[in-house]
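Visitor: I have a chain to look at and some terms to learn. Please take me through them.

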Amino acid sequence: MNRTRLLTTMAVFIAIGTITAQLLWFPAGIARAYPVQHAINVMTAVTLGPGPAVVIAFMISLLRNMLGLGTLLAFPGAMVGAFLAGYLYKKSGKNALAAVGEGVGSGIFGALFAVPFASIFMGSSAGAFAFIPPFLVSSITGSLIGLFIVSRVASKRLIRH
């Protein structure tokens with residue numbers, strides 16, 4: 001993929017993730033669940049790789065925070081999940097492992113990273129057990145949506161991955 005096409009594709013994913021943040025979310029414990037973010041993480045991990053997936057996750061989190069649509073907890077959850085999804089897909093070539101990587105990366109590791117992040121930057125004293133359930137709900141829901149989309153698009157041979 002040439003550089004212009006890569007940057008354009010990344011910009012489209014960032015726009016979709018930012019716009020849908022205000023349209024599709026649900027409360028999940030102490031956090032808000034944004035399943036489209038996780039679906040985009042799976043799709044970008046499969047189509048673009050771990051590096052661009054992390055950049056896209058960061059940019060969506062940054063824009064959501066700047067627009068008042070998210071919290072600082074978006075950063076650790078989205079970025080760790082995007083990296084693990086991309087890494088597992090790169091090593092295995094299996095869409096399902098990208099979805100598992102997103103679920104585990106955002107739902108467990110991202111939640112664990114969120115604990116000190118919330119303590120330092122948000123003054124929250126919530127422990128890991130307060131973050132893991134809502135992060136898991138959001139990431140598993142989004143991972144399944146992303147897996148469905150990637151599988152359908154691949155079966156129609158609309159993308160090469």
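Guide: Here are a few terms, each set against its value.

Guide: This is a predicted model, where local features need pLDDT of at least 70, side-chain atom pairs count only at pLDDT 80 or more, and totals for chains, interfaces and linings use all residues. Residues are numbered from 1 along each chain as its sequence is written, and side-chain values use heavy atoms, with hydrogens and water left out.

Visitor: How many helices and strands does the chain have?

Guide: It has 6 helices and 2 strands. Helices are DSSP runs of H or I with at least four residues, strands are runs of E with at least two, and both are numbered from the N terminus. The order from the N terminus is α-β-β-α-α-α-α-α.

Visitor: Why is Leu-6 called partly exposed?

Guide: Buried means under 20% relative accessible area, exposed over 50%, and partly exposed in between (1.4 Å probe, protein chains only). Leu-6 has 22%, so it is partly exposed. Leu-6 sits in helix α1, residues 3-23.

Visitor: What is Leu-6 in contact with, leaving aside its neighbours within four places in sequence?

Guide: Met-1, Leu-48 and Pro-52. Contact means heavy atoms within 4.5 Å. Pro-52 is 46 residues from Leu-6 along the chain, yet their C-alpha atoms are separated by 8.6 Å.
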